[in-house]
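This report describes selected features of a protein model, from helix packing to individual backbone angles. The sequence and structure are shown first.

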Amino acid sequence: MGSMKFGRRGFLAKTAMVAGGAFVPPRFITAAALGMTEAGSPNDRPGIGAIGMRYQGTVITLIAQNHGRVVGIADVDRNVREQARASFGSTPLIFEDYRQLLDRKDVDVILIGAPDHWHAKMTIDACRAGKDVYVEKPITLTIDEGKIIRRVAEETGRVIQVGSWQRSDARYRLAVELIRAGRLGKLRKVSVGVGPNPTGGPFPERPVPAALNWNLWLGQAPEVPYVEERCHYTFRWWLEYAGGKVTDWGAHDVDIAQWGINEWPAEIDGQGKLPNVPNGYNVPVDLRGVVRYPGGVELLVDEQSRVGVLFEGEKGRLFVNRGTITGTPVDALKDDPLPRDRFQLYDFDNLSRPERVGKLDAIVNHMGNFFDCVRERRRPISDCESQHRSATTCHLINLAIRLGRRLRWDPQAEQFMGDDEADAMLSRPQRKGFEVA
């Protein structure tokens, strides 16, 4: 199978931003764009609707309010939504059902901080309602959901930014630029540590809290009695709603690894134990995934490797995480800097304050990039295609672990090769009324 490159320029050329007549102009034309007033005035601030406010939803909304007006908040937990509204004053309206928020004409962009199993449907519904979307990672619960998001994005012309903010951190960008510039020579191996998945259970069934709409929280997932540990932060350790550390932490670092590899997977091996605890956490433990790419690079994702991304090539090694970037090519930059014209992963002029590199500043940059792209109708740095492909790799590792065998993947057709059982796991059964389509 030939090497499949997925650089930003190549994908832009393929899709031409939005194919044919599907391009949709922005829902707001700012006075600043017409040269009539300064940027940041009330007329230049789009309306923001935020969904899922338990923690990360509130974090990204606090950052987003630097770029717009918080119009409304939706959360299925009354206590959470009321507490969130208190963080933004008395102005935002609050809703239990996010679809009521999508109906509002004064909402231009949607922020999604809900659990993973809601990301795809909320993104799709928001796009079809004419809203641009900032959605937390991972973008999907299943591989087929990503295909649907891509199609809807092309049909509607909406801007989708995924919260994989490490792409907006100068350390990670530099690491990938060094690899693309050949400073490691031929890339051979990449290692990503995600840490161990927790174990626990069996957990007791409890009465549904009066403030929580449990049916709406479950969404597409199977209907089950309320268990406190299924909800809020610990939803990550249930396959019904997420994919454990592989799709949680891995969604960040596998994305950076694959950005550097610049190919899509061809073969996947996975090892791990699936806990068999009634009403207990069921994501794999003692996990190890090995992903092989057409060009010969091998990606290792496991619990033991250092958290971050280690690139190994014929000329040395390069390690990057949220605190540091080290290695032979980094040391050589003092005497042999990268030419400025080599920075072509994206348009640097399309980033807000790209010189800042701290964790919070990186998130601000990432949100700023989203609002820049909404205003200018550009593709953001963590667009739905790249993040669908990164999430796909994470899902492939989990599927290989669950099936207990090597899987061969066709990245063009986005299906397994000669494996009907694995193909059946590209999607999941969904409860009526919550289908992703």
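## Packing of helix α5 with helix α6

The axes of α5 and α6 approach within 10 Å and cross at roughly 10°. Helix α5 is therefore roughly parallel to α6, a term for angles under 35 degrees, with those over 145 roughly antiparallel, 65 to 115 roughly perpendicular and the rest oblique. Axes are lines fitted to C-alpha atoms, for helices over the stretch in contact, and angles run from 0 to 180 degrees between N-to-C directions. Helices (H or I, at least four residues) and strands (E, at least two) are DSSP runs, numbered from the N terminus.

From α5, the residues Ala120, Thr123, Ile124, Cys127 and Arg128 meet Glu145, Ile148, Ile149, Arg151, Val152 and Thr156 of α6; contact means heavy atoms within 4.5 Å. The residues of this contact comprise six nonpolar, two polar and three charged. Here Ala, Val, Leu, Ile, Met, Phe, Trp, Tyr, Cys and Pro count as nonpolar, Asp, Glu, Lys and Arg as charged, and the others, Gly among them, as polar.

## Basis of the model

The model is predicted: local features need pLDDT of at least 70, side-chain atom pairs count only at pLDDT 80 or more, and totals for chains, interfaces and linings use all residues. Residues are numbered from 1 along each chain as its sequence is written, and side-chain values use heavy atoms, with hydrogens and water left out.

## Packing of helix α6 with helix α13

Helix α6 (residues 143-156) also packs with α13 (residues 384-403), at an angle of about 170° and with the axes 9 Å apart. Helix α6 is therefore roughly antiparallel to α13. On the α6 side the contact involves Ile143, Gly146, Lys147, Ile149, Arg150 and Ala153, while residues of α13 including Cys384, Glu385, His388 and Arg389 take part. The contact residues divide into six nonpolar, four polar and four charged.

## The parallel sheet

An open sheet is formed by six strands in the order β3-β2-β1-β4-β5-β6, with parallel pairing; two strands pair if DSSP finds at least two bridges between them. Its edge strands, β3 (93-95) and β6 (160-162), each pair on one side only. From one strand to the next, the twist averages 20°.

Helix α2 (residues 56-64) packs on this sheet and touches β1, β2, β4 (109-112) and β5 (132-135); its direction makes about 145° with that of β4. Helix α5 (residues 116-128) packs on the sheet as well, touching β1, β4, β5 and β6, and its direction makes about 165° with that of β5.

Arg183 is located in the loop between α7 (170-180) and β7 (187-193). Its relative accessible area is 19%, so Arg183 is buried; buried means under 20% relative accessible area, exposed over 50%, and partly exposed in between (1.4 Å probe, protein chains only). A polar atom of the Arg183 side chain lies 2.9 Å from the backbone oxygen of Asp336. Beyond its neighbours within four places in sequence, Arg183 is in contact with residues including Leu178, Lys315, Pro329 and Leu333.

## Backbone geometry

Most residues other than glycine have a negative phi, and most peptide bonds are trans. The peptide bond from Lys137 to Pro138 is cis, with omega near -10°, and Pro138 belongs to the loop between β5 and α6. Another cis peptide bond joins Gly201 and Pro202, with omega about 0°.

Asp286, in strand β9 (residues 285-292), has a positive phi near 50° and is partly exposed at 45% relative accessible area. Glu414, in the loop between β14 (407-410) and β15 (415-416), has a positive phi of about 55° and is buried at 4% relative accessibility.

Conventions:
Polar contact = N/O pair within 3.5 Å; in protein donor to acceptor, adjacent residues only side chain to side chain.
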